[in-house]
Protein chains: 2
Amino acid sequence: MATLKDVAQLAGVTVTTISRMLNNRANVSPKTRAKIEQAMQELDYQPNEIAQSLIKQKSNIIGLIVPSARNFFFSMVIDHVERYASLNGYKLLLCISDLELRKEKEYFNMLKGNKVAGVILASHTQNLEKHISLTQPLVTIDRTVSEEIPSVCADNYNGGRLAARHLLEKGCRSLAYISGSANIKMDANKRYIGFGDVCREQGVKGPVMVDASEQQFITMKYQNLIHELFQQHPDVDGIFASNDIIAAQILQYCAGAGIRVPEKLKVIGYDDIDLASLCTPQLTTIRQPVEAICKCAVEQVVRAAKGETVPDNVTFPVELVVRETT
Amino acid sequence: MATLKDVAQLAGVTVTTISRMLNNRANVSPKTRAKIEQAMQELDYQPNEIAQSLIKQKSNIIGLIVPSARNFFFSMVIDHVERYASLNGYKLLLCISDLELRKEKEYFNMLKGNKVAGVILASHTQNLEKHISLTQPLVTIDRTVSEEIPSVCADNYNGGRLAARHLLEKGCRSLAYISGSANIKMDANKRYIGFGDVCREQGVKGPVMVDASEQQFITMKYQNLIHELFQQHPDVDGIFASNDIIAAQILQYCAGAGIRVPEKLKVIGYDDIDLASLCTPQLTTIRQPVEAICKCAVEQVVRAAKGETVPDNVTFPVELVVRETT
C-alpha cells in the first residue's frame, strides 16, 4: 500500500504540505492540491482518517440532530447542511431524535465520543440544556437552548407580522393561528406573537390559537386538529399555519368540506418547502431562507472548531410569497 | 477522567463484559447492560470511539449515499435507514451525490478512509462500478450495480403491471408512462416493462413514454415534461408516473388546464410518499414498502460486516393504493 511519502515523492512536494491539505488548512494552492490529488489517485493512496482523527483528537465530522428526516422542512435542512459541510471538507453524521430527550442525550454522548468537530442542533426538548456536556462547538437552528449557545434563526416575529398584515389586507376579519411547533422554547413561537401584535394594532379581535402535539408534529398528521378548529370556529375566514404541512392539510379539509379557497377562506403557510408549490391551489406562504440559515450554521461550527469567535445569534429575514390561497 | 476499570468496579462486572457491550455483541444481558450504563453515567465515562475504531480497524458507522435528501422518497429512505442503523448500534454518515459520478467516487474514498462498517447505496451513475474499490460490505437499494453486489428492491415489474391493470379496468384506453428515473440501470425501469406487457396482453396500444432528465429528477421540476406530453398527446386518458412527485405536478397541470381528474384523466403515482395523501385530489399510487426495504438493507450490511453471508437479491412486494385520482 502506498504511503504518504510515496505520494509526496510523486507529486514533488513535502509530506508536510500533503498533511496540511488533508487537514483542510487553507494555505495549499489549487495547483499543488491538484498535483497531490493526481499522485494519490495514481498510487491509489487512502489516508487513514481514523488514525488522523485520533492524533488530532478531532474528526472532520459534523453532527446534525433533527427531529425527523422525513418532515419536508428538515429534509431541506439535512440536504443543505450536508452540501455545505461537504463543501467545507466535513462529513455529516445524521441523528434523528423524534423529539425524545433520551435520544437527544444519547446522540450527544455518541457525538462526544466520536470527537466530532461540532454539532448543529435542530431538535431539542425541554431540559436538554442540563444534559449537554459537549466540549465541541454547538450551534442551534431556529431555537434557543440557552444564552451561551449560538443560534441561527429567521425573523419569526416579522414572519408572523407579514402573515397577519397580508390576511387583513385581503379582507379577513376572523383569524386563526395553528402552531405545529409543540410547547417548547422554539424561536418559531415568535410567529404567533407577531401575528397577534398586528391584530391588536389594527383593532381586529385576537386570533384563535390551536397547538399541535409533538406526536402530530412527528407524524405530520394534523387532520384532527384542523377538524376541531372548524367545528369550534366555523366563522374563521383566514388561517395562518406555522408550517406548510399543516396548511396543505387545511386545503385538503376545505376540498372535502366544499369550502372554497381563497374565496371563502384564505390560508398562509410557513417555510416555503417544496410542498407549498406542489399543493392545489398553490400555497401562499412565508419563505424562510433555509439554505442561508444552513450555510451560516455550518460556517459557524467550522469557524468555532478552528477557535474563532462566532456571534451569539444570527437572524435572517423572511419573505411573503403570494400564490393562490390568499 | 473515569476509566473503563472504574466503571467495571462500580458496576461489579469485568472490563471484558463492558468491552463486549461497547462492541455491540449480543451476549450481554439487559440487566448487566443497565448496571454498566448506570455506572457510566455516575462516573460520566465517555468511551473514546475513535480509539476503539482504530483498534478494530472498523467503525460503527454505516455510510448512506443518496442523490438528494430533499427528494421526498429519499428523505423517507434516510429517515428509515438512520432509525434502523441506530437500533442496531450504528451511526449514519450521510452522503449526497446529486447523481454525479465525481461525488460518488469521492464519497466511496472517504467512506473507505473512515473504515465504515458498510455502505448502503441508493444513488449511482453509469460506470460507477469501475470506481468502487471498497473492501467493506455494500448493499444497493432499488438498483443493480453488478451481479456481485447485493441489492434490496421492490417488485418493480409487478408495480408496472398493477398500474396498467388498474387504469385499464377503470376504462382508460390511451395510456402514457412518465419516467423520472433517468437513463441508468435502475431496477425501477422494470415498471415500464410491466406496464407495457399488460397493455400488449390486453390488446391496448403501447403506452406513450417520456423520460425525465437527471436535472429534473434532482430539482423535482417536471412541469416542462408534463406540458410537452399534453401538447403532443392531448388524447391521453390515463397516466402512470414513476414517482408521486411527477404525479402531483400532473394534478397541478390539470387543475390549471381545466382537465378533471379522475373524470377525464386518471393518474397513478409510485412510491406512496407522504406527498401522495397530501395532494388534492389524493393520489392513487403503487406503494413501495420503503421501511421494510431500508430495514433489510441495514440488516444486510450489519450481517455482512460481521462476516455472515447475505443474499444477492431481496425483492419485496408492492401494493396498489386506490385514492381519488382513478
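This is a predicted model: local features need pLDDT of at least 70, side-chain atom pairs count only at pLDDT 80 or more; totals for chains, interfaces and linings use all residues.
In the interface, 53 residues of chain A are in contact with 53 residues of chain B. Of the interface residues of chain A, 100% are also interface residues in chain B, so the copies meet through the same surface. The size of an interface is often given as the accessible area lost when the parts come together. For chain A and chain B the area buried between them is about 4600 Å², and 55% of this area is on carbon and sulfur atoms.

Polar interactions also cross the interface. Between chain A and chain B there are 20 residue pairs in polar contact, counted where both residues are at pLDDT 80 or more. Several elements of chain A each supply at least two residues of the side that touches chain B: the helices α4 (49–56), α5 (72–87), α6 (101–113), α11 (244–257) and α12 (274–278), together with the strand β2 (91–96). The largest share of this side of chain A comes from α5(A), which provides nine residues. By residue class, the side of chain A that touches chain B divides into 22 nonpolar, 18 polar and 13 charged residues. Four salt bridges are found across the interface of chain A and chain B. In a salt bridge between A:Arg83 and B:Asp98, the closest N and O atoms are 2.6 Å apart.

Strand pairing also links the two chains. β2(A) is joined by three bridges to strand β2 of chain B (residues 91–96), and the two strands run antiparallel. Within this pairing, A:Leu94 has B:Leu92 in β2(B) as its bridge partner.

Further strand pairing is found within chain B. Strand β9 (residues 266–271) and strand β10 (residues 284–287) of chain B pair in the parallel sense over four bridges, with B:Ile268 standing opposite B:Thr284 in β10(B). β10(B) is also joined to strand β12 (residues 319–321) of chain B, here by three bridges and in the antiparallel sense. The bridge partner of B:Ile286 in β12(B) is B:Leu320.

Most residues other than glycine have a negative phi, and most peptide bonds are trans. The peptide bond from A:Val261 to A:Pro262, however, is cis, with omega near 10 degrees. A:Pro262 is placed in the loop between α11 and β9 (266–271) of chain A. Another cis peptide bond joins A:Thr280 and A:Pro281, with an omega of about -10 degrees, and A:Pro281 is placed in the loop between α12 and β10 (284–287) of chain A. A:Asp98 is not a glycine, yet has a positive phi of about 55 degrees. This residue, A:Asp98, lies in the loop between β2 and α6 of chain A.

Definitions and conventions
Residues are numbered from 1 along each chain as its sequence is written. Chains are lettered from A and ligands numbered from 1 in the order in which they are written. Side-chain values use heavy atoms; hydrogens and water are left out. Contact means heavy atoms within 4.5 Å. Buried area is the accessible area (1.4 Å probe) that two parts lose on being put together, summed over both. A salt bridge is a side-chain nitrogen of Lys or Arg within 4 Å of a carboxyl oxygen of Asp or Glu. A polar contact is a pair of N or O atoms within 3.5 Å; within protein, one must be able to donate a hydrogen and the other to accept it, and residues adjacent in sequence count only if both atoms are side-chain atoms. Ala, Val, Leu, Ile, Met, Phe, Trp, Tyr, Cys and Pro count as nonpolar, Asp, Glu, Lys and Arg as charged, and the others, Gly among them, as polar. Two strands pair if DSSP finds at least two bridges between them.
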